[in-house]
Amino acid sequence: MGSAPRHSRDPLEFRPKMAETPPTRPAPEPDDQPCEPEAQAYLELRQLILAPEQEALERLHQRVDDPASRTEDVGSVVAEAIQLRRSQGGDEALSVALAPTIETALRESVRKDPGTLADALFPVMGPAIRRSILETLRSFLESFNQVLDQSLSVKGLKWRLEALRTGRSFTEVALLHSLVFRVEQVFLIHKKTGLPIGHAVASAVAMQDPSLVSGMLSAIQDFVRDSFHTSQGQGINRMNVGDLDVWVEEGPYAILACVIRGIAPRDLRDRMAEVLENVHREYSAQLDLFDGETAPFVKVGGELSRCLELRFKEDAKKKSFGFVYATAALLFLLVAVWVGWRAVQYARWDRLVNNLREQPGFVITSFGRDRGHFVVRGMRDPLAADPAQFIKASDVNPADGEFHWGGYYALDDGIVEQRAKSTLSPPPTVTLAVKSGLLFVSGAASANWVKDIQSRAWQVPGIRAVELSPELNPGRLAFNQAKTEIESAVVKFPVASAALSPGEALALRNLAATIQSLLQAADTLRQSANVEVLGHTDSTGAEAVNLGLSQRRADRVASELGQAGVPERILRARGVGTTNPLRAEDNEENRQFNRSVTFRISALAP
Amino acid sequence: MLQKKICMLGSFAVGKTSLVRRFVESIYSDVYQTTVGVKIDKKNVKLGDKEVSLVLWDIYGEDDYQKMRWTYLRGASGYLLVADGTRKATLEKAFTLEQKVREVVGAIPFVFVINKSDLIRDWELDSAIESQMAVQGWNILRSSAKTGEGVEESFSLLAQKMLG
């Protein structure tokens, strides 16, 4: 018994030396020296008996103390050790122990070279990302299709109106309405048995027995999976009948199914997944051991109700009012457009009518609209411009209205002037002008024509007076006419005689009458006139004789005129001899003309 | 609330659906059976002071046109194995079905029901077979969907076995 502790202690006593000396036979110990032969014998004995064990011990010590060999030892069994630990059920503790190290290792790996981990994860990340993108696209397309479906319907029109009214984009409005839905029932179904674990139902929803619905839902899932050989977790996730949708979300133990009326947004799917996760987390043990007893799941209904909550609010009352407003607004708009259009039309016609009203020869008596048709009544002078040209120049549609013209004589100066011109047909030398019913006549015309026009002008409607320009004054015309007549008269005499032939005497009496009328005309013009009586001779004979002869001839004619009643005070007789011949004396006839008396009238202002 | 999924198994035309109809008021039409291959009904059964809700999966019997869908058995707590006393082949089929169930979902409680007891004179079954089954520990009941004989008993017995 006493040697046992000794034996067991021995290796410990040797240990420090073992570490310092090579693993060969140790040198004699210092503390062995005092008891020499006995001790030596003991030592030898011990060596003889214990040498193999000691060597083995030394090797063990070396392995234990040397970090390199110790690492080697642990390394060769670490995998088996972990396996063993796991098989013994110490799984969790191992995970807990390893987790921080693994986390740090991962962090370190990423810090050093993110590529390594990325490469390792690549085969996993690819499908995960693809699936996520696919899901996102699918849900986007879903809502997009719904919007497209609705955009051309009556509903779409309503939404467009609403978009106009509210100033939101059509897409926004359409999406908002597309997402009107109601989750009517929520089933939590035990995946394996198809039995209902929980059930939540919205108010006022007619419901079927949850057991039957759950059973049938899972039967259909099985049926589809079976028929199309899809793998577990790939069953139906959506069923659609009319506006009723059944969305199914599958977890490891349970299936969550929502019966939805209307079109639900993607958010509901997220909510379902969340609820299902919560249920699995809270009831994982109960779900695993589910044997048809629903008692442990009494409280699951609250969680399921979260799926009922999500609902895009739509106040039906508000909506219908909105529609009424929109309709009213539309009606108002239409009326406004109609009224506006009518106003514009009316304004155009009004402009035209006013324009016509301003034209000479037009009188508008009435203008109005009769059942959308414009009616213009009035009178038009035949000489007025053609109304068609004004209509053409305006912006009205001629088909929108009609004109009724009565005939009349316009008193507009322009029209009256035109009318006077066409009625009186003046010679080209005469100019006619009308102003305020006064006809102005100017230019050159015969006294007769002037006289004629003075009487005829009254026949032209619209002319109330005639005013002649001064040169067309009748007195002046008479004066001029008499003057011309007198000054063109030639009283011829025989050769070297101052005697009047009977014919010339008669002519002189006529001339005297003309002079009388000249004097009368001068009187009307408030003028006086003198008549110069000029005696001429031919160029034969002496000039002195001729002068006397010409004087006698002048005197003879003057006295004859005096006798005929012409006042002597206006007569100036003068002989001019040959100084003022009438014609060149190249033949006898012309010479005869120079044996004569002529007259010249001079008018004098009073 | 305790619920149990039970299945109706048996050859084509042994009277599974008639038994179920005798037992419960259905909400689903029988059409489901030929389309999806199963029809589901429910019946609450009282066992002592305990009430069990039996969800019956009436599985379409295998015939020349349609295979039985074994996936429908998944999660069942028990089943009624139905045979037609007038057709011996259905009894033999029942043996294979029982074997197959054991392979697919394990040994779960079941009650063997030999239907059409109202036609007992036409039965092809000899008592030897019945006793052979009894020896194997099978619960055997005779039933008639026509008269209602043994129907309630079959379901109650199954419920007892499942809860026991």
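Analyst: Let's start with V241(A), which stands opposite L244(A) in β4(A). Before going further, a note on the model: it is predicted, so local features need pLDDT of at least 70, side-chain atom pairs count only at pLDDT 80 or more, and totals for chains, interfaces and linings use all residues. Residues are numbered from 1 along each chain as its sequence is written, while chains are lettered from A and ligands numbered from 1 in the order in which they are written.

Back to that pair. β3(A) and β4(A), the latter covering residues 244-250, run antiparallel and are joined by four bridges. Strands here are DSSP runs of E with at least two residues, helices are runs of H or I with at least four, and both are numbered from the N terminus. Two strands count as paired if DSSP finds at least two bridges between them. In general, strands of a sheet pair through backbone hydrogen bonds, either parallel or antiparallel.

An open sheet of five strands in chain A has the order β2-β1-β5-β4-β3, and its pairing is antiparallel. At the edges sit β2 (196-201) and β3 (238-241) of chain A, each pairing on one side only. From one strand to the next, the twist averages 15°; for angles like this, axes are lines fitted to C-alpha atoms (for helices, over the stretch in contact), and values run from 0 to 180 degrees between N-to-C directions.

What packs on the sheet? Helix α8 of chain A (residues 210-228) does, touching β1 (181-190), β2 and β5 (254-262) of chain A, with its direction at about 80° to that of β1(A). Contact means that the C-beta atoms of two residues, placed from the backbone, lie within 7 Å. Helix α11 of chain A (residues 300-309) also lies across β1, β2 and β5 of chain A, running at about 45° to β2(A).

As for the rest of chain A, there are 19 helices and 15 strands. Of its 606 residues, 24% are buried, meaning that 20 or more other C-beta atoms lie within 10 Å of a residue's own, C-beta atoms being placed from the backbone (12 or fewer is exposed, in between is partly exposed). Take the chain A contacts between residues at least 6 apart in sequence: 64% of them join residues at least 24 apart.

Chain B has five helices and six strands. The contact between the chains takes 18 residues from chain A and 21 residues from chain B.
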